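Subject: A structure for you to explore

Hello! Here is the structure I promised to pass on, and my notes follow below it. Please have it open while you read.

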Amino acid sequence: MSFDRYQTYILSAIIIMSLVTYLTRVVPFIFFQNIKNELIKKTGSHLPVCLMAILTIHSIDSLKEFDPNYLINGWIACASSVFFYCTIRSVLVSMILGTTVYYFVLNYL
């Protein structure tokens, strides 16, 4: 199997973009693993939670395109995800169960 010029360009673009994406994720962990500043440590520990909250609120708002009761259904699913996380203490399981609750609320209520 031989690649023509277009296929080689696409393949090299995918490889370069993958490397750049991976390196931007890895470099902070390599260079900033021995930081002594408490503000940066606190920011690093609280930032993922804040970003997930922002993404959740944005996702609930974007539901209005296909769900007329998006606010109620979205917050029910969000509250159920928080409940499942507080009881099970597993992020993955609480996300799956919250999505399942949203599916059932959307389709059966």
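Is Cys86 buried, partly exposed or exposed? Cys86 is partly exposed, with a relative accessible area of 49%. In these notes, buried means under 20% relative accessible area, exposed means over 50%, and partly exposed is in between (1.4 Å probe, protein chains only).

First, some background. This is a predicted model, so local features need pLDDT of at least 70 and side-chain atom pairs count only at pLDDT 80 or more, while totals for chains, interfaces and linings use all residues. Residues are numbered from 1 along each chain as its sequence is written, and side-chain values use heavy atoms, with hydrogens and water left out.

Back to the cysteines. The structure holds zero disulfides, a disulfide being a pair of cysteine sulfur atoms within 2.5 Å. The closest cysteine sulfur to that of Cys86 is in Cys78, 11 Å away, which is too far for a bond.

Next, have a look at helix H1, which covers residues 5-31. Helices here are DSSP runs (H or I, at least four residues), numbered from the N terminus. Arg5 belongs to helix H1 and is exposed, at a relative accessible area of 77%. Between the C-alpha atoms of Arg5 and Ile54 there are 42 Å, and the two residues are 49 apart along the chain. Leu23 is also in helix H1, and its relative accessibility of 47% makes Leu23 partly exposed.

Leu23 is one of the residues in a nonpolar patch on the surface, and others include Phe3, Leu11, Tyr22 and Phe32. Together the patch residues have about 1000 Å² of accessible area, computed by the Shrake-Rupley method with a 1.4 Å probe, where for residues only the protein chains shown count as cover. Patches are made of residues with over 30% relative accessible area and no salt bridge; nonpolar side chains (Val, Leu, Ile, Met, Phe, Trp, Tyr) are joined within 5 Å, and like charges within 9 Å. A salt bridge is a side-chain nitrogen of Lys or Arg within 4 Å of a carboxyl oxygen of Asp or Glu.

Now follow the chain to Arg89, in the loop between helix H3 (70-88) and H4. Arg89 has a positive phi of about 65°, although it is not a glycine. Arg89 is exposed, with 57% relative accessible area.

Helix H4 spans residues 91-108 and contains Ser94. Ser94 is buried, at 5% relative accessibility. A polar atom of the Ser94 side chain lies 2.9 Å from the backbone oxygen of Val91.

Helix H4 also holds Tyr103, which is partly exposed at 44% relative accessibility. The C-alpha atoms of Tyr103 and Asn73 are separated by 9.2 Å, with the residues 30 apart along the chain.

How many aromatic pairs does the structure hold? There are four. The rings of Tyr103 and Tyr108 have their centres 6.4 Å apart and their planes at 85°, so this pair is edge-to-face. Rings of Phe, Tyr and Trp (its six-membered ring) pair if their centres lie within 6.5 Å; planes under 30 degrees apart count as stacked, over 60 as edge-to-face and the rest as tilted. Tyr108 is exposed, at 56%, and ring pairs join Tyr103, Phe104 and Tyr108 in a cluster.

Happy exploring!

How values were computed: Helix = DSSP H or I, 4+ residues; strand = E, 2+ residues; numbered from the N terminus. Polar contact = N/O pair within 3.5 Å; in protein donor to acceptor, adjacent residues only side chain to side chain.
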